[in-house]
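Subject: Structure handover

Hi there,

Here is the structure I promised to pass on to you. Please have a look at it first, and then read my notes below.

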Amino acid sequence: MAVKLYGSVDSEATQRVQACLHEKEVEFEFVTVNTAAGEHKTPSFLACSPFGEVPVLEDGAVTLFGLNIRLFVTESRAITQYIAHKYDGNGTDLIMKDPVKLAVQTVWMDTENQRFDPPFSKLIEAATQGNRGGQDVRQYEKKLENVLDVYEQRLKESKYLAGDSFTLADLHHLPGMHFLRSTKAKGWFQGRPHVRAWAADILSRPAWVKVAAMSPW
């Protein structure tokens with residue numbers, strides 16, 4: 001049975017899963033869900049995604065659903081971990097095998113989820129609602145810059161966040177880094193050369209280039 005990914009091209013959560021499938025060289029059918037038209041709230045879609053959010057991955061008898069990234073949830077990350085483990089022999093190895101290295105990878109995956117994503121998602125929300133200034137926006141910008149300062153120190157020690165190879169710890173950042181590099185926030189990279197080099201590296205990966213070609217931003 002073919003792998004199907006239901007989602008929206010402007011959903012950061014969907015993009016994260018798309019990138020993982022491409023990295024693992026898993027053939028899949030992308031089924032566009034028009035959230036603007038309310039397709040994610042129809043009875044048929046709610047049958048496989050009870051919260052009515054994208055993405056949804058169907059892989060044989062397995063159905064995994066996820067919530068929108070702007071709600072600060074982790075389901076798309078759970079889907080990428082499923083893909084990385086299920087298709088372990090395919091494409092890029094995204095999971096560290098050594099237990100110590102895996103622990104380090106998990107630390108940076110959690111950092112993306114708990115430290116990077118919350119302020120980033122708030123900035124996305126402000127941008128989409130036309131609120132690009134104000135104290136709240138500056139507060140979230142400061143939080144995100146603080147995270148990037150930590151990344152700069154880490155990336156002085158290793159090429160990627162979890163070590164010398166690209167893993168899910170890096171992949172989970174792709175939608176966020178892509179968006180930031182397309183806004184005035186790209187200036188944050190100038191004073192952080194290791195973050196800049198890392199961003200340029202991961203955003204140039206063929207798997208992400210395929211996803212970015214579909215992105216509206």
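**What I found**

With a relative accessibility of 16%, R154 counts as buried. Please keep in mind that this is a predicted model. R154 pairs with E157 in a salt bridge, where the closest N and O atoms are 3.3 Å apart.

**Other salt bridges**

In total, the structure holds eleven salt bridges. One of them is formed by E145 and R192, with 3.6 Å between the closest N and O atoms. E145 lies in helix 5 and R192 in the loop between helix 7 and helix 8 (193-203), so the pair ties together parts that are 47 residues apart in sequence. R192 counts as buried at 10% relative accessibility, while E145 is partly exposed, with a relative accessible area of 24%.

Another salt bridge joins D201 and K159, and here the closest N and O atoms are 3.8 Å apart. Because D201 lies in helix 8 and K159 in the loop between helix 5 and helix 6, this pair ties together parts that are 42 residues apart in sequence. There is also a network: R16, R77, E112 and D117 are joined into one by salt bridges that share partners.

**Where the two domains meet**

The chain is divided into domain 1 (3-93) and domain 2 (99-205). How many residues of each domain are in contact with the other? On the domain 1 side there are 16, and they are in contact with 16 residues of domain 2. About 1,400 Å² is buried between domain 1 and domain 2, and carbon and sulfur atoms give 63% of that area.

The rule finds four salt bridges across this interface. It also finds four residue pairs in polar contact there, both residues being at pLDDT 80 or more. Two elements, helix 1 (12-23) and helix 3 (75-86), are those that give two or more residues to the side of domain 1 that touches domain 2. Helix 1 gives the most to that side, with six residues. By type, the residues of domain 1 that touch domain 2 divide into five nonpolar, five polar and six charged.

As for R16 and E112, their side chains meet in a salt bridge at 3.6 Å, N to O.

**Buried places to look at**

Is helix 7 (residues 174-181) largely enclosed or largely open? Seven of its eight residues are buried, so helix 7 is largely enclosed by the rest of the structure. The buried residues in helix 7 are L174, P175, G176, M177, H178, F179 and L180.

T167 is found in the loop between helix 5 (135-155) and helix 6 (168-171), and counts as buried at 1% relative accessibility. Leaving aside residues up to four places away in sequence, T167 touches L94, M96, Q105 and A162.

E141 is found in helix 5. At 18% relative accessibility, E141 counts as buried, since the cut-off for buried is under 20%. Again not counting residues up to four places away in sequence, E141 touches L123, K184 and W188.

Best wishes

Technical notes: Residues numbered from 1 in each chain as written. Predicted model: local features only at pLDDT ≥ 70, side-chain atom pairs only at ≥ 80, totals over all residues. Heavy atoms only, no water. Domains from an automatic or database assignment. Contact = heavy atoms within 4.5 Å. Buried area = accessible area lost by both parts, 1.4 Å probe. Polar contact = N/O pair within 3.5 Å; in protein donor to acceptor, adjacent residues only side chain to side chain. Helix = DSSP H or I, 4+ residues; strand = E, 2+ residues; numbered from the N terminus. Nonpolar A, V, L, I, M, F, W, Y, C, P; charged D, E, K, R; others polar. Buried < 20%, exposed > 50% of the residue type's maximum accessible area, 1.4 Å probe, protein only.
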